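User: I would like to learn how to read a few features of a protein model. Can we take them one at a time?

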Amino acid sequence: MRRGRFAHDDSHPYVPAGPNDSRSPCPALNALANHGHLPHDGRSITLTQLVSALRHVYNVSSPVAMGLSLGGLVLCGRKKPGLTFARELDLHDLARHNFIEHDGSLVHADAPNPEDKFAPTAVEPALLRQLLDINTGDLTLHDLCRFQLERHAPHASRTMDTLHARFAKGEVALLYEVLSMAPSDAPRTDSAKTEERLEPRVVPKRFLEQWLGEERLPDGWKRPAQELGFPALHARVDEIRKLQAAMLVAGLDDEGPNAKDQAPAEADV
């Protein structure tokens, strides 16, 4: 997927969350708030604000932006004072455990107890480091799928329902669609060269360090030029499901010779 012209600039500088600001377990939304595309305090956010920010910054289609926003507002939000049907939410409302949030997040610790009302929203540095260390180069879709399975393995005794399993795969799909780029375009450093892959796109580690670790729009990142709609998103989720099913059959620790290079070809989305 080609990158678009939009890139964050001085008109929306990065300002980290303060102690009284509300933040969620979702790095995409937290980054929007930290750059002022959503209210910086993360409070009383409306449907219009969510849809506009998602569309403008991440170039998701109106149906995708509307679906994601309504899902959050209906499941985790509250009635807006004085208006019959309008709803709003604080970003922290999205941390309600097992509403949209779930155990086995890529870089967030699990809720300590299943009955906890809210899950942690702060990124767990050890988990982020494990994700970055899963590959010596930038990360492929295969790498992201494998790490998600490793995160879900400790929860084998707690079966994730179909809806939350779909949410989890959707999170990986959105991360990949928003941050990935052709290996030749990925930022390089002396300490981490992009590894040559058959896969046409990788997620630069530098992007992950900033987007997940600092909850900011990464330096040098541009939004996808092609609008992300539900058909492409569903296709990517189904690809992730098939990749992970194949990994489970093969065993996470036994990928076989050149398993990554033999992964199913990506859909052209």
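User: Which residues make the nonpolar surface patch of about 420 Å²?

Analyst: This is a predicted model. In soluble globular proteins, nonpolar side chains tend to be buried together. Here, a surface patch is made by Met66, Leu70, Val74, Leu75 and Phe99. One of these residues, Met66, lies in helix 3, residues 62-76.

User: Is Met66 buried, partly exposed or exposed?

Analyst: Buried means under 20% relative accessible area and exposed means over 50%. Met66 has 33%, so it counts as partly exposed.

User: Which residues have the most contacts inside the largest nonpolar core?

Analyst: That core has 55 residues, and Tyr58, Leu175 and Trp211 have the most contacts inside it. At least two core residues come from each of helix 1, helix 2 (47-58), helix 3, helix 4, helix 5 (141-152), helix 6 (162-179), helix 7 (205-213) and helix 8 (230-250). Leaving aside neighbours within four places in sequence, the contacts of Trp211 include Tyr58, Leu175, Leu179 and Pro218.

User: What is the phi of Ser44, and where is Ser44 found?

Analyst: Most residues other than glycine have a negative phi. Ser44 has a positive value, near 55°. Ser44 sits in the loop between helix 1 (27-34) and strand 1 (45-46), and is partly exposed at 34% relative accessibility.

User: What is the phi of Asn98?

Analyst: Asn98 is not a glycine, yet its phi is positive, about 65°. The loop between strand 3 (87-89) and helix 4 (125-132) holds Asn98, and its relative accessibility of 41% makes Asn98 partly exposed.

Definitions and conventions: Residues numbered from 1 in each chain as written. Predicted model: local features only at pLDDT ≥ 70, side-chain atom pairs only at ≥ 80, totals over all residues. Heavy atoms only, no water. Patch = residues over 30% accessible without salt bridge, like charges linked within 9 Å, V, L, I, M, F, W, Y side chains within 5 Å. Areas by Shrake-Rupley, 256 points an atom, 1.4 Å probe, with all protein chains shown as cover. Salt bridge = Lys/Arg side-chain N within 4 Å of Asp/Glu carboxyl O. Helix = DSSP H or I, 4+ residues; strand = E, 2+ residues; numbered from the N terminus. Buried < 20%, exposed > 50% of the residue type's maximum accessible area, 1.4 Å probe, protein only. Core = buried A, V, L, I, M, F, W, Y, C linked by side-chain atoms within 4.5 Å. Contact = heavy atoms within 4.5 Å.
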